[in-house]
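Visitor: I would like to go through this structure with you, from the overall fold down to single residues. Where shall we begin?

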Amino acid sequence: SSFTFPLFFRVWFPSNVQILLDKSTLRRIASTECLPIYQQTFAQVVADFGGSQLTTISGVDVTQYIQLGTQSGSNSVVSISQNKITGLAEGSEKLVLRNSSVVMDGTDIIVQSQYSFVVN
């Protein structure tokens, strides 16, 4: 004998993912004998979740579950450690999600050689 029992699942999935940056332009702040030193910034990744016949939940912080990378795959312009992004050299790069099936355009970040001064 066998039993049949209907089982329903509600599956929320990301429908919109964004990489938000504290600063999208990193400027040179100092120089050592060999290398310039650039600003750093922090990224936050937020997503909207929804599904068929489900209410969309907007702005869910998924930063701790995402690995960020550069579109070029290179670390020549910026270095990324978790959600901290540090400028390494003048140029521009596009930040993307690594090892993710979520499709997104990416977020631009620019590193400039002009100095940034902090006035107290």
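**From fold to residues**

Guide: This is a predicted model, and the protein chain reads β-β-β-β-β-β-β-β-β-β along the sequence.

Visitor: How many helices and strands is that?

Guide: The protein chain has 0 helices and 10 strands.

Visitor: And what are the overall dimensions along the principal axes?

Guide: The C-alpha trace of the protein chain spans about 80 × 30 × 20 Å along those axes. The radius of gyration is 20 Å, whereas a compact globule of 120 residues would be near 14 Å.

Visitor: What share of the residues counts as buried?

Guide: Of the 120 residues in the protein chain, 29% are counted as buried. The chain exposes about 8,600 Å², and 51% of that area comes from carbon and sulfur atoms.

Visitor: Turning to charges, how far apart are the mean positions of the positive and negative ones?

Guide: They are 3 Å apart, for 7 positive and 8 negative charges.

Visitor: Which residues have the most contacts inside the largest nonpolar core?

Guide: Ile19, Val78 and Ile85 do, in a core of 18 residues. Strands β1 (13-21), β4 (40-50), β9 (91-98) and β10 (107-115) each supply at least two residues of this core. As a general point, nonpolar side chains in soluble globular proteins tend to be buried together.

Visitor: What does Ile85 touch, beyond its sequence neighbours?

Guide: Leaving out residues up to four places away in sequence, Ile85 touches Leu21, Leu26, Gln39, Gln40, Thr41, Ala43, Val78, Ser79, Ile80, Leu95 and Ile109.

Visitor: Thr41 is on that list. Is Thr41 buried or exposed?

Guide: Thr41 lies in strand β4. Its relative accessible area is 1%, below the 20% limit, so Thr41 counts as buried. Outside the four places on either side in sequence, Thr41 is in contact with Leu21, Asp22, Lys23, Leu26, Asn83, Lys84, Ile85 and Ile109.

Visitor: How far is Thr41 from Asn83, C-alpha to C-alpha?

Guide: Their C-alpha atoms are separated by 8.4 Å, although the two residues are 42 residues apart along the chain. For the chain in general, 53% of contacts between residues at least 6 apart in sequence join residues at least 24 apart.

Visitor: Let us change topic to Gln18. Where does Gln18 lie?

Guide: Gln18 lies in strand β1. Its relative accessibility is 40%, between the 20% and 50% limits, and therefore Gln18 counts as partly exposed. Not counting residues up to four places away in sequence, Gln18 touches Gln44, Val45, Val46 and Met104.

Visitor: Now the backbone. What is the phi of Gln53?

Guide: Phi of Gln53 is near 60 degrees, a positive value in a residue other than glycine. Gln53 is placed in the loop between β4 and β5 (57-61). With 82% relative accessibility, over the 50% limit, Gln53 counts as exposed.

Visitor: And what about the phi of Gln82?

Guide: Gln82 has a positive phi of about 55 degrees, and Gln82 is not a glycine. Gln82 lies in the loop between β7 (78-81) and β8 (84-87). Because its relative accessibility is 71%, Gln82 counts as exposed.

Notes: Residues numbered from 1 in each chain as written. Predicted model: local features only at pLDDT ≥ 70, side-chain atom pairs only at ≥ 80, totals over all residues. Heavy atoms only, no water. Helix = DSSP H or I, 4+ residues; strand = E, 2+ residues; numbered from the N terminus. Rg over C-alpha atoms; globule rule 2.2 N^0.38 Å. Buried < 20%, exposed > 50% of the residue type's maximum accessible area, 1.4 Å probe, protein only. Contact = heavy atoms within 4.5 Å. Areas by Shrake-Rupley, 256 points an atom, 1.4 Å probe, with all protein chains shown as cover. Lys, Arg positive; Asp, Glu negative; His and termini not counted. Charge placed at Lys NZ, Arg CZ, Asp CG, Glu CD. Core = buried A, V, L, I, M, F, W, Y, C linked by side-chain atoms within 4.5 Å.
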